[in-house]
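Subject: Handing over a structure

Hi,

Here is the structure I promised to pass on to you.

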Amino acid sequence: MSERAMTCREALNLLPLFFDGELDANQMRAVALHSTRCGGCEDELRRMERVQAVISAHVTGAVDEVDFGALWRGIDQRLG
């Protein structure tokens with residue numbers, strides 16, 4: 001007996017967990033299968049990927065601008 005197909009409503013509710021790898025293997029497989037057959041859900045997954053990329057680039061850029069030298073000097077002074 002085969003499993004019933006996942007609906008868009010179910011898939012969309014699970015996409016954030018799918019994207020973060022927080023689903024069990026059966027749920028991951030079901031969401032992946034659904035998104036390969038559903039253009040709307042696949043588009044939503046791609047949007048999530050683009051948002052993640054933009055956030056990651058922004059955070060990386062902000063962290064690169066932080067002067068950690070002063071932080072380490074302060075730590076070193078308190079340890080000494």
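The lining of the largest pocket has four nonpolar, two polar and five charged residues. In that count Ala, Val, Leu, Ile, Met, Phe, Trp, Tyr, Cys and Pro are nonpolar, Asp, Glu, Lys and Arg are charged, and the others, Gly among them, are polar. The space in this largest pocket comes to about 310 Å³. Of its eleven lining residues, Arg 4, Ala 5, Met 6, Ala 30 and Leu 33 are the closest to the centre. Helix H2 gives the most to the lining, with six residues.

A pocket here is an open set of points on a 1 Å grid over the protein atoms alone, where a 1.4 Å probe fits and protein lies on both sides within 12 Å along at least five of seven lines; lining residues have an atom within 4 Å of a point. The volume is the space filled by probe spheres set on the points, which are joined across faces, edges and corners.

Before going further, please note that this is a predicted model: local features need pLDDT of at least 70 and side-chain atom pairs count only at pLDDT 80 or more, while totals for chains, interfaces and linings use all residues. Residues are numbered from 1 along each chain as its sequence is written, and side-chain values use heavy atoms, with hydrogens and water left out.

His 34 counts as buried because its relative accessibility is 12%, where buried means under 20%, exposed over 50% and partly exposed in between, with a 1.4 Å probe and protein chains only. A polar atom of the His 34 side chain lies 3.0 Å from the backbone oxygen of Met 6. Leaving aside neighbours within four places in sequence, His 34 is in contact (heavy atoms within 4.5 Å) with Met 6, Thr 7, Cys 8, Ala 11 and Cys 41.

Ser 35 also lies in H2, and at 7% relative accessibility Ser 35 counts as buried. With neighbours within four places in sequence again left aside, Ser 35 is in contact with Cys 41, Glu 42 and Leu 45.

Thr 7, one of the contacts of His 34, is found in the segment before helix H1 (8-19). Thr 7 is partly exposed because its relative accessibility is 37%.

Last comes helix H4. H4 (residues 68-79) has twelve residues and reaches 16 Å from its first C-alpha to its last, close to the 16 Å expected at 1.5 Å a residue; the expected span is 1.5 Å times one less than the number of residues. Asp 67 caps the N-terminal end of H4, with a side-chain oxygen 3.0 Å from the backbone nitrogen of Gly 69. Gly 69 is partly exposed, at 26%.

Methods:
Polar contact = N/O pair within 3.5 Å; in protein donor to acceptor, adjacent residues only side chain to side chain. Helix = DSSP H or I, 4+ residues; strand = E, 2+ residues; numbered from the N terminus.
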